Amino acid sequence: YERALDINPMFTAVWNNRGAALTGLGRYEEAIESYDKALDISPGDKSAWQNKGVVLEKLGRHEEAEECFVRAMNL
């Protein structure tokens, strides 16, 4: 993912996929950072909102997770 982002740091899908990979590794804070980057570029990215919500839920940050899920549902 790092190499792809070096080529095109505005590639939302790569940020989202990087976040998913980090989530799988249990690196939740880094995953959130990746999802936030994706959402900075494309605030309407439903998948990034959902994925961020999942990670926040895993961290016990339920209110923040709910906000992400609601944003995703409204897209």
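Trainee: So at what angle do helix α2 and helix α3 pack?

Mentor: This is a predicted model, and in it α2 (residues 12-24) and α3 (residues 28-41) pack at an angle of about 165°. Their axes are 8 Å apart.

Trainee: Are they roughly parallel or antiparallel to each other?

Mentor: Angles over 145 degrees count as roughly antiparallel, so α2 and α3 are roughly antiparallel to each other. The crossing of α2 past α3 is left-handed.

Trainee: Which residues make the contact?

Mentor: On the α2 side you'll find Thr 12, Trp 15, Asn 16, Arg 18, Gly 19, Ala 20, Leu 22 and Thr 23. From α3 come Tyr 28, Glu 30, Ala 31, Ser 34, Tyr 35, Lys 37, Ala 38 and Ile 41.

Trainee: And how do the residues of that contact divide into nonpolar, polar and charged?

Mentor: Eight are nonpolar, five are polar and three are charged in the contact of α2 with α3.

Trainee: Let's stay with α2. Which of its residues are buried?

Mentor: Thr 12, Val 14, Trp 15, Asn 16, Arg 18, Gly 19, Leu 22 and Thr 23 are buried in α2. What covers them includes α1 (2-7), α3 and α4 (46-58).

Trainee: How far does α2 reach from its first C-alpha to its last?

Mentor: α2 reaches 19 Å with its 13 residues. That is close to the 18 Å expected at 1.5 Å a residue.

Trainee: What about Gly 26, where does that lie?

Mentor: Gly 26 is in the loop between α2 and α3. Its phi is positive, near 80°.

Trainee: New topic! How do α4 and α5 pack?

Mentor: α4 and α5 (residues 62-73) pack at an angle of about 160°, and their axes are 8 Å apart. That angle makes α4 roughly antiparallel to α5. Their crossing is left-handed.

Trainee: Which residues meet there?

Mentor: α4 brings Lys 46, Trp 49, Gln 50, Lys 52, Gly 53, Val 54, Leu 56 and Glu 57. In α5 they meet His 62, Glu 64, Ala 65, Cys 68, Phe 69, Arg 71 and Ala 72.

Trainee: And how many residues of that contact are charged?

Mentor: Five are charged, alongside seven nonpolar and three polar ones, in the contact of α4 with α5.

Methods: Residues are numbered from 1 along each chain as its sequence is written. This is a predicted model: local features need pLDDT of at least 70, side-chain atom pairs count only at pLDDT 80 or more; totals for chains, interfaces and linings use all residues. Side-chain values use heavy atoms; hydrogens and water are left out. Axes are lines fitted to C-alpha atoms, for helices over the stretch in contact, and angles run from 0 to 180 degrees between N-to-C directions. Helices (H or I, at least four residues) and strands (E, at least two) are DSSP runs, numbered from the N terminus. Angles under 35 degrees count as roughly parallel, over 145 as roughly antiparallel, 65 to 115 as roughly perpendicular and the rest as oblique. A crossing is left-handed if the near helix is turned anticlockwise from the far one by less than a right angle, and right-handed if clockwise. Contact means heavy atoms within 4.5 Å. Ala, Val, Leu, Ile, Met, Phe, Trp, Tyr, Cys and Pro count as nonpolar, Asp, Glu, Lys and Arg as charged, and the others, Gly among them, as polar. The expected span of a helix is 1.5 Å times one less than its number of residues. Buried means under 20% relative accessible area, exposed over 50%, partly exposed in between (1.4 Å probe, protein chains only).
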